[in-house]
Amino acid sequence: MVVPVRPAVFVGARLLDGRSPDAIADGVLVTDEKGRIVAAGPAAAVSIPKDAQRIDATGLTILPGIIDCHVHLSLRLEPVAEQVQRSATDLVVRALGTGRDFLEAGVTTIRDAGYTPAGIKRAFASGAFPGPRTQVSCTPLSQTGGHGDSWTQSGAILETEVSDLPPGIADGVDAVRRATRLQIRAGADWIKVMATGGVLSAADSPDASQFTIDEIRAIVEEAKAAGIKGTFAHAEGTAGIKNALRAGIGSIEHGDLLDDEGIDLMLEGGVPLVPTFNINFALMDEDRVARGDVPPWAIEKMRYLFDKQQVNFRHAVERGVRVVMGTDSFSGMYPPAELAYMAEFGLGPFRAIQAATNEAAALLGLSEQVGTLEPGKLADLIAVTGDPLVEPELWRDSARIVFVMQGGRIVADRRGA
């Protein structure tokens, strides 16, 4: 059932609009029946409509809804024995449930980074199921034996076939053009390219560069020709990062082994870095390892990358690389924790908020709709207890996000908890 939109007025709040670190201490925010913000500012300067639903936000900080540019709604860290039991229906049900969980956690907009069909974004957009505003990439493109190739040494393919997720493995310029067109036909807003090896794939190394520059350039050309949102690259190894950048990729995901030459290319092209610390900490979590959720080859590779990424991220920030929030979160993970990691590893509390709001909105082409608390924009917002500029660690505590609104509809209200 679609919840109707009611005009609302938030009173007594501290407002952080996503543009300035200067919070409004006694703020008022007003939304209308169309689910848009009509006013946001100091109480003395904002007229409060008499017929609006009054929401007491005393002691809370209101911010724009969180935008996560790298999630996997249909995936979960789980033992292989459980993974191979999942049918296509199971994955769709999981994606719907994960979308609801992420939305209730304050993530109002996402870019899915692979293995979620376009029907999921339509289900959320229709209001039939609660979930973030969603852009999808369908199946990531991978070379044979690359990060998106689920082949194992036994010959088993650890992959669930889903009819509206076209195959993504391709080799050679002509083949990658066709694979790109298949994803676009299936409803992809973005094309994801596996430009290097990765942690969770069994047959490669994160250092390995995958796809040639010509192959990646062909993918970029097809995405531009089709007029979709763009392209982004799973890129952990140094050489593969630079191959993707030289080919014209739109954003670099992970960037673990980014070097100064790669930073130069990112600065030259204005290409953002999407660091995804959340998945790294999940893969190193002792309980997950003990349960067998993380395969042995992934543990070894993550140990190799773990500290390196934090050092290289800090250096990229110091040199001025633009950062956009992405978490690589699967089902059962908590995306908002990424803000705490970004703040801790060099971005600072306010820029972490920007990475998760207006910077992310700009990457997804949604700056006119979301990302800041401005009149005319959709009323996507969250309220947290305390001040995230003073205590960014609050983002690790799910109990601190007590209110979520998306497009003027109240998604979660835990103020009385």
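Okay, quick housekeeping. Since the model is predicted, local features need pLDDT of at least 70 and side-chain atom pairs count only at pLDDT 80 or more, while totals for chains, interfaces and linings use all residues. Residues are numbered from 1 along each chain as its sequence is written, and side-chain values use heavy atoms, with hydrogens and water left out.

Let's start with the sheet. It's an open one of 4 strands, in the order S9-S10-S11-S12, with parallel pairing. Two strands pair if DSSP finds at least two bridges between them. At the edges sit S9 and S12 (273-274), each pairing on one side only.

Now look at S10, residues 230-235. Is this strand mostly covered or mostly open? Mostly covered: 6 of its 6 residues are buried, where buried means under 20% relative accessible area, exposed over 50% and partly exposed in between, using a 1.4 Å probe and protein chains only. Gly230, Phe232 and His234 are on one side, Thr231, Ala233 and Ala235 on the other, and all are buried.

What are its partners? S9 (residues 190-194) runs parallel to S10, joined by 5 bridges, and Lys192 stands opposite Phe232. S11 (residues 252-254) also pairs with S10 in the parallel sense, over 3 bridges, and there Ala233 has Ile252 as its bridge partner. Between S10 and S11 the chain crosses through helix H6 (residues 238-246), a right-handed β-α-β crossover; right-handed means that, with the strands pointing away from the viewer, the path from the first strand over the helix to the second runs clockwise. S9, helix H5 (residues 213-226) and S10 make a right-handed β-α-β unit too.

Keep Ile252 in mind, please. The largest nonpolar core has 74 residues, and Ile252 is among those with the most contacts inside it, along with Ile66, Ile216, Ile249, Met342 and Trp395. A nonpolar core is a set of buried Ala, Val, Leu, Ile, Met, Phe, Trp, Tyr and Cys residues joined through side-chain atoms within 4.5 Å. Helix H11 (residues 337-347) gives the most to this core, with 8 residues. Apart from it lies another core, of 17 residues, including Ile37 and Phe403. Leaving aside neighbours within four places in sequence, Ile252 has contacts (heavy atoms within 4.5 Å) that include Ala233, Ala235, Ile241 and Leu245.

Glu78 lies in the loop between S6 (66-71) and H1 (80-83). Why does Glu78 count as buried? Because its relative accessibility is 7%. Its side chain makes a polar contact with that of Arg86 at 3.0 Å, and another of 3.3 Å joins it to the side chain of Arg94. A polar contact is a pair of N or O atoms within 3.5 Å; within protein, one must be able to donate a hydrogen and the other to accept it, and residues adjacent in sequence count only if both atoms are side-chain atoms.

Then there's Thr134, in strand S8 (residues 133-135). Thr134 is buried at 12% relative accessible area, and its side chain reaches the backbone oxygen of Pro132 at 2.8 Å.

How values were computed
Helices (H or I, at least four residues) and strands (E, at least two) are DSSP runs, numbered from the N terminus.
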